[in-house]
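Work through these exercises with the model open. Try each task before you read its solution.

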Amino acid sequence: MLVSNLEIVPGRRVLKHLGLVQGSTVRAKHVGRDLMAGLKNIFGGELRGYTELLNESREESLSRMLEEARAVGANAVLNVRFSTSSVAQGAAELFAYGTAVVLEGE
Amino acid sequence: MIDLIVFVTLLALGYGFGRMAETGHYRSIHRREKAFRNILLIAARFPPPDLVPRKTQLVAGSAVISVDYFKRFVAGLRNIFGGRVRSYESLLDRARREAILRMKSQARALGADMVFNIKLETASISKGRRNAIGAVEVLAYGTACVPQKHEA
């Protein structure tokens, strides 16, 4: 599955548009990580726990999107966008969406 | 009185460690930016039509950087008088450059030499009593282009 945030694929034609596919996940941080983050808030620096958490969640939403794309028979997802929004205190929604297409070639 | 001592200690700790973390981080950012200079970032939506890469793939990088106690205090003061909040500017700058560097390192792992359609997204993370945790997350993503191999 080809994933790209361009609207075209250089050198390959789009044979068919299959419409929007999307995937999302809502995550909350656990207490241990929050405790560390609280400490870090005094000293400054990177919150690695949060970076990891957000990356994992983003992977998750991306893979859900790809599942959907596979289900409609696409072999690529173009023009992928990410968006993040905080739903409630301490929980964030990570959302990925794009256009499922069928490309020529393998 | 004890409150004041705690406050001053936190302020000093924040200033000391925050400054240390920032200079260290900037040093590593400058070093890696030099190392990754050969990967071009292009914010255009369409690659030039004559460019036919062997492979294109989405790459992304993100970083969450926290404020320190001192910066938060200074920014609080700024809120009274208004004006540029320098202490937060450097925070965002660091987060953004770090995210871009992580994206570039993913691109390099693929063997790409260009990344098209760069998007940057910033989210602020805060929670707890009186926003006890304050941090910014920056996500950078784009499409990496792996060039055709030149047969030597």
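**Exercise 1.** Which strand of chain B is joined to strand 3 of chain A, and how do the two run?

The model is predicted: local features need pLDDT of at least 70, side-chain atom pairs count only at pLDDT 80 or more, and totals for chains, interfaces and linings use all residues. Residues are numbered from 1 along each chain as written, chains are lettered from A and ligands numbered from 1 in the order written, and side-chain values use heavy atoms, without hydrogens and water.

Step 1. Find the strands (DSSP runs of E, at least two residues, numbered from the N terminus). Step 2. Look for pairing (at least two DSSP bridges between two strands). Strand 3 of chain A is joined by 2 bridges to strand 2 of chain B, residues 55-68. The two run antiparallel. Step 3. Locate Gly45(A): Ser66(B), in strand 2 of chain B, stands opposite.

**Exercise 2.** How many residues of each chain are in contact, and how much area is buried?

Step 1. Count contacts (heavy atoms within 4.5 Å). Chain A brings 36 residues and chain B 43. Step 2. Take the buried area (accessible area, 1.4 Å probe, that two parts lose on being put together, summed over both). The value is about 3200 Å², with 56% from carbon and sulfur atoms. Step 3. Asn5(A), Asn41(A) and Phe43(A) supply 20% of the area that chain A buries against chain B, more than any other three residues.

**Exercise 3.** How many salt bridges cross the interface of chain A and chain B?

Step 1. Apply the rule (side-chain nitrogen of Lys or Arg within 4 Å of a carboxyl oxygen of Asp or Glu). The rule finds 3. Step 2. Check one of them: Arg45(B) meets Glu7(A) at 2.7 Å, N to O.

Technical notes: Helices (H or I, at least four residues) and strands (E, at least two) are DSSP runs, numbered from the N terminus.
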